[in-house]
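Thanks for coming. I will go through the ligand surroundings and then the domain contact. Please look at the structure first.

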Amino acid sequence: MPGLEHARPRLVLTTGEPAGIGPELALMLAVTGDLPSGTVAIGDPEMLAARARQLGLQVRISVSQPGKALPESRTGVLAVWPVFLDEPAIPGVLNPANADYVLQTLNVAVKACLAGHAQAMVTAPLHKGVIIEGGHPEFTGHTEFLRDACQVSEVVMLLATDRALHSQVPGWQGAGDLRVALVTTHLPLREVADAITVERLRRVVRILETGLRQQFGILAPRIAVCGLNPHAGEDGHLGNEEQTIITPTLSALRAEGLDIHGPLPADTLFTPRHLAGVDAVLAMYHDQGLAVLKYAGFGRAANITLGLPLVRTSVDHGTALDLAGLGQADPASLKVALNLAATLAGRKRLG
Ligand SMILES: NC(=O)C1=CN([C@@H]2O[C@H](COP(=O)(O)OP(=O)(O)OC[C@H]3O[C@@H](n4cnc5c(N)ncnc54)[C@H](O)[C@@H]3O)[C@@H](O)[C@H]2O)C=CC1
Ligand SMILES: NCC(=O)COP(=O)(O)O
């Protein structure tokens, strides 16, 4: 958009499930002046103003429209592109009638990024179940939604703790700071093994390796890959996916020049000796990788979707309905996600 180009990247922040903690986390960061200055939130302005009043947060909601000039974000001001709720939101109480509202905030963000009105999108948490109940049975998460909205065939979910987000951390040993990517994302465990195919593993490793180089500036990423089964299959006695799929695929990728190790037993891969020198761990499924990541750094990590034509980051937590409307949720992960988005957007612009 000529004439509206920001010195700093514009970040669009979807405020997520309106009954969850997303709206109040955005408001909290506005109060403390921790929103990067080009940030604009997407959500219902009345809901945001009401949540601020309820929590006693002194925030002025400044409404604008995509493509129009924005007031600079500054302490006490939350710039908002409006999307309107279908029904009033009650903190902690899910309402499927607002599922379309949540998806609409994502559509506005994607459109803005693809049109160049924003340089990155950051997502506060949504509730997958209520979106499904609200008439979208195919919905499984932001990651897959963005893959489809951007019309790419594969994306990769990578979570990283705060320090590991910066590739040049001297002496990073992996003992407490991690980057973890997933081969499969939001699938019932029963379906995971069938989803691990040579083709998918190949595509995921390629996207991960490219993302580590291009987005994190790691020249020759070293990737360690978990096995699927206990003890990486125990030579085929505890499952054969390692022998039939994972090992041959990794060997082929190694022959193509990738610095890739495994499959390694997942229970010992996440120990300092095995993580030394490793830039990212590739886990086969959601809880195999994310349980460890969250143990290492819950609340100070961010989620990045690799393989999209736009920059997208997110928090490391969910909607925390038990905390919504109480003002007790910690905004630290949202701050990490916003700062990471600004860094990645800046790099993309330069690169
Ligand atoms: N990026 C996203 O949109 C994500 C969405 N979700 C969704 O969130 C919903 C709830 O998921 P759960 O598994 O219950 O995870 P959750 O992260 O919402 O809650 C797990 C526990 O962590 C606490 N917690 C979460 N965020 C916190 C914060 N910022 N400060 C302090 N404590 C916090 C909660 O109070 C709860 O005790 C699900 O529908 C899930 O799919 C989960 C993860 C990411
Ligand atoms: N646990 C991470 C997670 O579920 C993130 O999901 P999403 O970003 O794809 O919505």
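I start with ligand 1. Helix H4 (128-133) and strand E12 (312-315) each contribute at least two residues to the shell around ligand 1; helices (H or I, at least four residues) and strands (E, at least two) are DSSP runs, numbered from the N terminus. This is a predicted model, where local features need pLDDT of at least 70, side-chain atom pairs count only at pLDDT 80 or more, and totals for chains, interfaces and linings use all residues. Residues are numbered from 1 along each chain as its sequence is written, while chains are lettered from A and ligands numbered from 1 in the order in which they are written.

There are 18 residues around ligand 1, and Pro125, His317, Gly318, Ala320 and Asp330 come nearest. Being near a molecule means that the C-beta atom, placed from the backbone, lies within 6 Å of it. By class, this shell holds seven nonpolar, eight polar and three charged residues. Nonpolar covers Ala, Val, Leu, Ile, Met, Phe, Trp, Tyr, Cys and Pro; charged covers Asp, Glu, Lys and Arg; the others, Gly among them, are polar.

Around ligand 2 we find Gly141, His142, Thr143, Leu290, Asn303 and Ser314. Five are polar, one is nonpolar and none is charged.

Now the domains. Domain 1 is 1-152 + 308-351 and domain 2 is 154-306, with bounds from an automatic or database domain assignment. Their contact takes 21 residues from domain 1 and 18 residues from domain 2, counting C-beta atoms, placed from the backbone, within 7 Å. Which helix gives the largest share of the domain 1 side? H12 does, with seven residues.

Methods. Two residues are in contact if their C-beta atoms, placed from the backbone, lie within 7 Å.
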